Amino acid sequence: MTSGMFGDTATSAIYQAMQGLWDEQQSVANNVANIDTPNYKAKDVNFETSLAQAIASGDPSQMQVTTSESNAPSDQAGNNVNLGTEMVQGETAGMQFQTMVDAMNAKFQLLSTAINGPSNAG
Amino acid sequence: MGLFDPISTAVTGVNVSQTWLDTISDNIANMNDVTSPSQGAYQTRFVVAAAIPGQAEGTGPGAQTEASVGGGTEVAGIALGSPDGVLEYDPSNPLADKQGMVRSANVNLGDQMSNMMMAQNGYEANLATISQAEQAYQAALGLHV
């Protein structure tokens with residue numbers, strides 16, 4: 001997705017960010033589900049740095065989503081999921097996702113204006 | 001990536017918490033069980049939880065992430081505590097042996113109560129994740145021209 005009316009860099013970047021945020025939400029759900037699993041280590045999803053590099057290179061679809069294990073201290077069962085951190089991360093990812101939806105809608109609005117003219121954009 | 005993955009992952013957590021609560025109520029219900037000393041006492045039940053590894057679909061970078069994020073949690077089994085119980089002197093009990101001893105269950109109510117709070121908190125935390133994921137779905141449904 002590199003060119004064309006619907007495949008410009010901005011649209012592609014928003015799409016990739018939504019993918020990354022979705023993985024983040026999945027990771028939060030998985031960490032919370034394993035809050036009492038012995039020897040489970042919380043996982044973090046990282047995509048922002050890779051997305052920034054991909055946008056800089058001109059092709060956001062080159063973004064790579066990676067995960068890493070949290071090195072927070074573990075409890076006596078060997079589990080290091082922090083419920084507070086997970087809740088904040090889930091809420092943040094949710095709000096960022098909402099922002100991306102708004103940004104995508106703004107892009108659609110621009111296209112709609114271009115197609116229909118300003119009087120019907122509304 | 002399945003469409004409702006964060007929600008189904010949270011449901012696996014709800015299910016484990018539910019099984020844990022069931023087990024705790026089983027333990028508490030049986031804490032006054034008495035048998036004759038020649039038989040084993042009620043064995044305290046323990047839930048063994050294990051993480052479900054993610055299922056990678058396809059070969060792209062997204063598939064790798066899904067595999068490493070994981071697919072939630074599951075009950076790997078129920079472990080049983082010691083059948084030794086506690087020998088008590090109760091000669092009026094029809095199950096008592098010649099020495100007047102009976103074997104009663106050795107369920108630690110303090111452990112069960114603190115486990116119940118942890119299971120309840122886990123249950124609620126997973127429900128909170130579901131509503132967070134639901135907000136994101138609602139946002140995505142708002143995509144339109």
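Q: Is Trp20(B) buried or exposed, and what puts it in that class?
A: Trp20(B) is buried, because its relative accessible area is 15%. Buried means under 20% relative accessible area, exposed over 50%, and partly exposed in between, with a 1.4 Å probe and protein chains only.

Q: What kind of model is this, and how are things labelled?
A: It is a predicted model, in which local features need pLDDT of at least 70 and side-chain atom pairs count only at pLDDT 80 or more, while totals for chains, interfaces and linings use all residues. Residues are numbered from 1 along each chain as its sequence is written, chains are lettered from A and ligands numbered from 1 in the order in which they are written, and side-chain values use heavy atoms, with hydrogens and water left out.

Q: Back to Trp20(B): which helix is it in, and which residues is it in contact with?
A: Trp20(B) is in helix α1 (residues 5-29) of chain B. Helices are DSSP runs of H or I with at least four residues, numbered from the N terminus. Leaving aside neighbours within four places in sequence, Trp20(B) is in contact with Asp36(A), Val47(B), Asn115(B), Met118(B) and Ala119(B). Contact means heavy atoms within 4.5 Å.

Q: How many Å apart in space are Trp20(B) and Met101(B)?
A: They are 33 Å apart, C-alpha to C-alpha, and 81 residues apart in sequence.

Q: New topic. How do α1(A) and α3(B) pack?
A: Their axes are 9 Å apart, at an angle of about 170 degrees. α1(A) and α3(B) are therefore roughly antiparallel, the class for angles over 145 degrees. Axes are lines fitted to C-alpha atoms over the stretch in contact, and angles run from 0 to 180 degrees between N-to-C directions.

Q: Which residues make that contact?
A: From α1(A), Trp22(A), Gln25(A), Val28(A), Ala29(A), Val32(A) and Ala33(A). From α3(B), Ala125(B), Asn126(B), Thr129(B), Gln132(B), Ala133(B), Ala136(B) and Tyr137(B). They divide into nine nonpolar, four polar and no charged.

Q: What does Thr129(B) touch, and where is the backbone oxygen of Ala125(B)?
A: Not counting residues up to four places away in sequence, Thr129(B) touches Val28(A), Ala29(A), Val32(A), Met87(A) and Ala10(B). The backbone oxygen of Ala125(B) lies 2.9 Å from a polar atom of the Thr129(B) side chain. Thr129(B) is in helix α3 (residues 109-141) of chain B and is buried, at 3% relative accessible area.

Q: What about α1 and α2 in chain A?
A: The axes of α1 (residues 9-33) and α2 (residues 48-57) of chain A come within 11 Å and cross at roughly 170 degrees. That makes α1(A) roughly antiparallel to α2(A). The contact is made by Ala13(A), Gln16(A), Ala17(A) and Glu24(A) of α1(A) and Glu48(A), Leu51(A) and Ile55(A) of α2(A). By class, that contact has four nonpolar, one polar and two charged residues.

Q: Which residues of α2(A) are buried, and which exposed ones are on the face turned away?
A: The buried ones are Ser50(A), Leu51(A) and Ala54(A). They cover an arc of only 100 degrees around the axis, so they are on the same side of α2(A); the arc is that of the directions from the helix axis to the C-beta atoms. The face turned away from the buried side carries the exposed residues Thr49(A), Gln53(A) and Ala56(A). The buried residues pack against α1 of chain A.

Q: What follows α2(A)?
A: Gly58(A), with a positive phi near 95 degrees.

Methods: Helix = DSSP H or I, 4+ residues; strand = E, 2+ residues; numbered from the N terminus. Parallel < 35°, antiparallel > 145°, perpendicular 65-115°, else oblique. Nonpolar A, V, L, I, M, F, W, Y, C, P; charged D, E, K, R; others polar. Polar contact = N/O pair within 3.5 Å; in protein donor to acceptor, adjacent residues only side chain to side chain.
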